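Please keep the structure open beside the text.

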Amino acid sequence: MTTPASRPGVEVVFERRGAGPALVLLHGIGHHGGAWLPVLDRLAGTHDVIAVDLPGFGRSPVPAAGLPADMPGLVAGMAQLFAALGLDRPHVAGNSLGGAIALELAAAGAVASATALSPAGFCTARELRWALTVLTLHRNAARLPEPVLRHLFAAPALRALAMGMILARPDRLTPDVALADARALRRARAFRAVARAGRGYAFAGRPTVPVTVAWGTRDRILPHRQAALARARLPTARHLDLPGCGHVPMHDDPELVASVILGTTGLRPA
């Protein structure tokens, strides 16, 4: 079910499925809640799963008061969203930007657990410039006329070429999903502002709730070597590799990603 959530200062669109303890899913910069579709039903077997379009991304509008200027503002916005949905310390999982937000929420004590997949916040300035340059180029390409994009994504070889920097297994992406991702990237109204706000960001929190950091071994956006710094900064967290996965592992290996998240929340299907 796709639903808007509204409260003064909060207006987002999300997909909600399942029942049980709440689990909020947060996507990366330029992406949308649809990034989680490959794992949504697997997680909904044990959780009330809420896949959010972050403000200014996907179908969620830019807040009337403007976008947060920094990570604390993003975290405060998520806390407002939890309150609007009646959630008290939900579990949270995030990818890339969403992974950084998940870890910050854990450090703030606002969630019951956090799973971060290739999270931002553990790279050098040069690595961050690389990541944003690649994603910006993808965003520029997403502005091609839609008939051109449809033709491109219909051919497996061209689809693999177009998505190979983001996914390790782009052949698993259907043409319709590739097109939906391109639309989300093209329409990402918050892309530039969030990228600008995150240029000096580095994670330095100390979560006390269960935390898992998992990294795709074939991540070409935020490379796997960054996992070493995550291990150093989060010595009490569970750290895992996602073998053969790229930057958005939910498409590369849905079973593995769902298992990692459920291993953090402590709930698995009967």
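Predicted model: local features only at pLDDT ≥ 70, side-chain atom pairs only at ≥ 80, totals over all residues.

Residues are numbered from 1 along each chain as its sequence is written, and side-chain values use heavy atoms, with hydrogens and water left out.

Start with strand E3, residues 22-26; strands here are DSSP runs of E of at least two residues, and helices are runs of H or I of at least four, numbered from the N terminus. Five of the five residues of E3 are buried, so the strand is largely enclosed by the rest of the structure. Buried means under 20% relative accessible area, exposed means over 50%, and partly exposed is in between (1.4 Å probe, protein chains only). In a regular strand, side chains alternate between the two faces of the sheet. In E3, Ala 22, Val 24 and Leu 26 are buried on one side, and Leu 23 and Leu 25 are buried on the other.

E3 pairs with strand E4 (residues 48-53) in the parallel sense, over five bridges; pairing requires that DSSP finds at least two bridges between the strands. Leu 25 stands opposite Ala 51 in E4, and its relative accessible area is 0%.

**Salt bridges**

A salt bridge is counted when a side-chain nitrogen of Lys or Arg is within 4 Å of a carboxyl oxygen of Asp or Glu. By this rule the count comes to nine.

| Pair | Closest N to O |
|---|---|
| Arg 42 and Glu 255 | 3.1 Å |
| Glu 146 and Arg 150 | 3.6 Å |

Arg 42 in helix H1 (residues 37-44) and Glu 255 in helix H11 (residues 254-265) link distant parts of the chain, 213 residues apart. Glu 146 and Arg 150, in contrast, both lie in helix H5 (residues 146-154), four residues apart, about one turn of the helix. Together with Arg 183 and Arg 186, they are linked in a network of salt bridges.

**A positive patch**

Which arginines gather in a patch of positive charge on the surface? They are Arg 143, Arg 192, Arg 196 and Arg 199. Patches take residues with over 30% relative accessible area and no salt bridge, joining like charges within 9 Å. Arg 192 lies in helix H8 (residues 191-197) and is exposed, with a relative accessible area of 62%.

Note on methods: Patch = residues over 30% accessible without salt bridge, like charges linked within 9 Å, V, L, I, M, F, W, Y side chains within 5 Å. Areas by Shrake-Rupley, 256 points an atom, 1.4 Å probe, with all protein chains shown as cover. Lys, Arg positive; Asp, Glu negative; His and termini not counted. Charge placed at Lys NZ, Arg CZ, Asp CG, Glu CD.
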